[in-house]
Amino acid sequence: MAVALVLVLIVVGSVLFHLLSPWWWTPIASNWAYIDNTIIITFWITGVVFATVVLFMAYCVFRFRHREGNRAAYEPENKRLESWLTIVTAVGVTALLVPGLFVWSRFVTVPSDATEVEVIGQQWQWSFRLPGKDGKLGTSETRDVSADNPLGVIPSDPNGQDDVVVEAADLHLPVGKPVKMLLRSIDVLHDFYVPEFRAKMDMIPGSVTYFWFTPTRTGTFQVLCAELCGQGHPMMHGVVMVDTQEDYVAWLGQQQTFAQLSAPQKTGSADDRTGQTAAPGPEIAARLETVGSR
Amino acid sequence: MVDITPADGIPPAEVAEVELYHPHSWWTKYVFSQDAKVIAVQYSATATAIGLVALVLSWLMRLQLGFPGTFDFITPEAYYQFITMHGMIMVIYLLTALFLGGFGNYLIPLMVGARDMVFPYVNMLSYWIYLLAVLVLVSSFFAPGGPTGAGWTLYPPQAIMSGTPGGQDWGIILMLSSLILFIIGFTMGGLNYVVTVLQGRTRGMTMMRLPLTVWGIFTATVMALLAFPALFVASVMMLLDRVLGTSFFMPAISEMGEQLPHNGGSPILFQHLFWFFGHPEVYIVALPAFGIVSDLISTHARKNIFGYRMMVWAIVGIGALSFVVWAHHMYVSGMHPYFGFFFATTTLIIAIPTAIKVYNWVLTLWRGDIHLTIPMLFALAFIVTFVNGGLTGLFLGNVVVDVPLSDTMFVVAHFHMVMGVAPILVVFGAIYHWYPKVTGRMLNETLGRFHFWVTFLGAYLIFFPMHYLGLMGVPRRYAELTDMTIMTESAHHLNSFISVMAFIVGFAQMVFLFNLIWSVRHGREAGGNPWRATTLEWQTPQTPPAHGNFGKDLPIVYRWAYDYSVPGAKEDFIPQNMPGSFGPSREPA
């Protein structure tokens with residue numbers, strides 16, 4: 001009796017928690033509302049299955065609990081029932097899979113008008129690179145990474161000279177324009193994750209990965225690293241600001257190109273970064289040193 | 001309804017029995033024993049001991065998550081060492097060892113009607129190599145630099161780099177060495193289990209008369225023999241990368257301004273090898289639990305398991321399918337996105353045989369005679385948590401839904417519910433069920449019920465709300481949840497609540513351990529078959545069973561394992577070794 005009641009309470013409690021608790025996803029800021037919708041469909045189907053199975057169990061425990069003189073029925077198989085249950089399950093699974101794969105095909109098909117933005121992860125900071133006037137990013141190579149060339153842009157590639165380099169500072173994006181995020185790492189795995197954009201992808205040293213999205217509202221969003229990358233992992237925060245077109249152009253105008261940064265007279269450029277809110281990697285590493293020696 | 005056929009005549013034995021090794025001293029009887037039952041207890045005790053280490057580690061990490069900044073000694077470095085060792089211990093050294101080395105060793109020979117495993121000496125070696133693996137693992141806590149903090153997935157390149165605890169010290173070397181030893185030890189035991197099930201069954205024990213416990217352990221062992229080699233080679237290759245400076249998994253890397261000598265390797269190759277092992281591993285833990293819980297439900301509901309043949313084929317089908325779903329752990333790894341279509345489809349297909357198993361468990365309860373014994377309570381709790389955890393798998397398996405949820409607390413909640421809580425509830429149920437056979441005494445009922453309610457409700461309260469933190473976007477593997485704009489104040493309170501529940505649930509396990517030890521001497525005498533069960537381990541002449549299990553003559557099996565409440569029979573159970581004249585066998589032909 002108590003057991004059946006607890007089982008019912010688990011179902012009721014879980015449903016109420018789902019409906020009433022304050023913990024839910026962050027307001028979306030990208031075009032991936034499709035993903036949210038797929039999650040809602042999944043919640044409905046799985047919620048109904050969970051409630052049905054557990055309530056059925058509760059009923060059985062109540063109705064068929066042992067009492068003196070009871071005897072169980074003897075029924076090894078029931079082919080019809082088993083076939084029906086298999087078919088119903090297959091239908092339910094298809095109802096989840098089909099919309100999921102449909103949205104996935106959108107997720108992996110980058111629109112042709114998407115602007116490329118490169119994200120570079122390293123322990124434990126984010127840097128960015130935007131194509132210059134030629135609209136093309138220069139090629140890059142981890143072996144070319146040095147103090148003067150922190151992102152490893154290949155100096156001999158003419159396409160790279162006018163690339164805008166944003167080292168360990170905030171990224172700005174114009175609202176309403178699709179962007180293809182090209183993801184690169186120069187040391188370990190990282191993962192570029194902005195919860196409000198609903199998208200994330202690992203960054204692998206030696207490869208370039210990608211995802212695309214369209215920012216749908218202006219604002220300031222926190223970038224989190226979502227792939228364990230060493231001790232500084234939880235502090236590897238960054239900032240993406242989604243701007244109106246005018247603000248974006250103004251910001252872009254203040255940035256420096258690869259050619260400007262690598263010109264010999266320009267030294268100490270790291271000190272006059274603008275708009276930086278994230279702690280850069282060396283600073284985090286230094287903090288960890290102090291923490292570790294406590 | 002199925003066709004009803006009486007039990008066939010039993011063919012005569014084709015091969016004469018082989019004489020067992022008989023121990024000559026206390027050492028060969030209790031320490032270097034070749035008796036599968038002693039080895040089972042050794043495996044279980046070692047797994048429990050190392051499992052307690054993992055439990056303490058989980059408390060330490062929950063201290064940090066629930067009350068950030070309060071405990072100075074939990075540095076990020078220490079936190080990552082805690083989570084890594086907790087995960088690896090729970091998955092490999094506790095659950096795998098306990099289900100296969102513990103339950104497998106104890107139950108396979110008894111349930112199939114054999115005197116022992118087919119290769120007792122190799123079986124003994126298997127345990128001692130496992131113990132060595134555990135000792136190497138534990139030694140990393142005392143090594144310079146401490147254990148590895150690479151996460152239980154050990155993803156390179158960070159696993160062997162200086163930014164990760166133990167990456168350039170002894171931690172990762174000891175971890176990989178321990179895994180290699182574990183796999184060698186497991187292979188010795190695993191071959192034994194498979195051969196014993198295939199060749200050691202007594203007369204009349206056809207494959208389709210095996211209890212589902214044996215089917216679950218057997219299938220899981222076959223899978224483990226196929227899956228562990230992938231982890232073995234991955235471990236060897238990473239060890240070479242770390243020690244000899246090869247570049248299997250290491251591309252060109254610029255670490256903190258310094259160019260490393262590696263070049264040309266593939267970090268993602270490791271992930272494929274790891275998950276080719278890692279996904280079957282989930283079912284290596286789950287299938288024995290599926291099998292055992294089927295037998296618990298059937299015995300304590302006094303009813304045959306519903307759809308036995310479907311259950312067997314579901315176990316085999318899940319086992320086979322689980323080898324073609326591994327990359328669903330890698331949807332956001334940066335592999336080619338078109339793989340997503342294939343792996344999402346295979347992953348959701350595996351939900352169908354899994355759902356069939358759930359239906360058959362609850363349909364076994366239907367029109368049963370349900371005794372709410374402690375094993376039955378744990379079995380019911382298993383179904384609740386397994387259904388919950390299995391259904392959230394449909395979120396994560398559906399590639400595009402995984403994109404926002406991957407690497408968040410949703411994943412942590414999901415896999416703890418489905419392969420942590422659910423199988424461990426079965427472990428508990430199984431211990432309450434078979435403890436009387438192992439020791440001859442019952443576990444204390446009051447302590448048992450206390451243990452059950454705190455563990456079940458507490459674990460549900462830990463992991464159910466945790467999904468919603470993940471939905472909010474809270475990432476996993478964060479040693480600090482400070483300065484997170486997405487986290488509301490109340491989310492931090494939820495974390496504190498989860499931590500408090502974790503301490504309570506952990507405490508209940510101490511009560512359980514006390515019960516285990518106390519009842520050896522003070523428990524109620526159990527008799528040979530306290531649950532009035534049908535399977536052969538309950539029909540032994542002595543309890544606990546003596547060396548050789550079955551006295552002078554091996555039992556002969558006349559019926560399937562589920563003749564409960566057979567119409568016309570006097571008792572509500574008919575043991576498998578009871579000839580046909582004591583009542584009709586109605587096993588499905």
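The centres of domain 1 and domain 2 of chain A, taken over C-alpha atoms, are 38 Å apart; the domain bounds come from an automatic or database domain assignment. We're working with a predicted model, in which local features need pLDDT of at least 70 and side-chain atom pairs count only at pLDDT 80 or more, while totals for chains, interfaces and linings use all residues. Residues are numbered from 1 along each chain as its sequence is written, and chains are lettered from A and ligands numbered from 1 in the order in which they are written.

**Exercise 1. Work out how chain A is divided into domains, and describe the contact of domain 1 with domain 2.**

Step 1: Domain 1 of chain A is made of 2-64 and 79-108, and domain 2 of chain A of 115-266 and 275-289.

Step 2: Count the residues in contact (C-beta atoms, placed from the backbone, within 7 Å). Domain 1 of chain A puts in nine residues and domain 2 of chain A puts in 13.

Step 3: Sort the domain 1 side by class. Five residues there are nonpolar, three polar and one charged. (Ala, Val, Leu, Ile, Met, Phe, Trp, Tyr, Cys and Pro count as nonpolar, Asp, Glu, Lys and Arg as charged, and the others, Gly among them, as polar.)

**Exercise 2. Find the strand order of the six-stranded sheet in chain A, then say which strands stand at its edges.**

Step 1: Walk across the sheet. It is open, its pairing is mixed, and the order in chain A is 8-5-1-2-3-11. Strands here are DSSP runs of E with at least two residues, helices are runs of H or I with at least four, and both are numbered from the N terminus.

Step 2: Look at the ends. Strand 8 (209-213) and strand 11 (256-257) of chain A each have a single partner strand, so each has one side without a neighbour in the sheet.

Step 3: Zoom in on one pair (at least two DSSP bridges between the strands). Strand 5 (residues 179-185) of chain A runs antiparallel to strand 8 of chain A, with five bridges between them. Across from A:F211 in strand 8 of chain A you'll find A:M181.

**Exercise 3. Describe the two sides of the contact between chain A and chain B.**

Step 1: Get the totals: 89 residues come from chain A and 102 residues from chain B.

Step 2: See which elements of chain A take part. Those giving two or more residues include helix 1 (2-20), helix 2 (33-63), helix 3 (79-108) and helix 6 (281-292) of chain A. Helix 3 of chain A gives the most, with 14 residues.

Step 3: Sort the chain A side by class. You get 53 nonpolar, 23 polar and 13 charged residues.

**Exercise 4. Compare how helix 7 of chain B packs with helix 10 and with helix 6.**

Step 1: Take helix 7 (residues 267-300) and helix 10 (residues 351-365) of chain B. Their axes lie 9 Å apart at an angle of about 15°. Axes are lines fitted to C-alpha atoms, for helices over the stretch in contact, with angles running from 0 to 180 degrees between N-to-C directions.

Step 2: Name the arrangement. Helix 7 and helix 10 of chain B are therefore roughly parallel (under 35 degrees; over 145 is roughly antiparallel, 65 to 115 roughly perpendicular and the rest oblique).

Step 3: List the residues. B:F290, B:V293, B:S294, B:I297 and B:S298 of helix 7 meet B:K357, B:W361, B:T364 and B:L365 of helix 10. That contact has five nonpolar, three polar and one charged residues.

Step 4: Switch to helix 6 (residues 212-243) of chain B. Helix 6 packs with helix 7 of chain B at about 160°, with axes 8 Å apart, which makes helix 6 roughly antiparallel to helix 7. The contact of helix 6 with helix 7 of chain B has 26 nonpolar, five polar and two charged residues.

**Exercise 5. Locate the cis peptide bonds from A:Q123 to A:W124 and from B:P156 to B:P157.**

Step 1: Start in chain A. Omega is near -10° for the bond from A:Q123 to A:W124, and A:W124 is in the loop between strand 1 (115-122) and strand 2 (125-130) of chain A.

Step 2: Move to chain B. The bond from B:P156 to B:P157 has omega near 5°, and B:P157 is in the loop between helix 4 (120-139) and helix 5 (171-199) of chain B.

Step 3: B:L154 lies in the loop between helix 4 and helix 5 of chain B, and its phi is near 55°, a positive value in a residue other than glycine.
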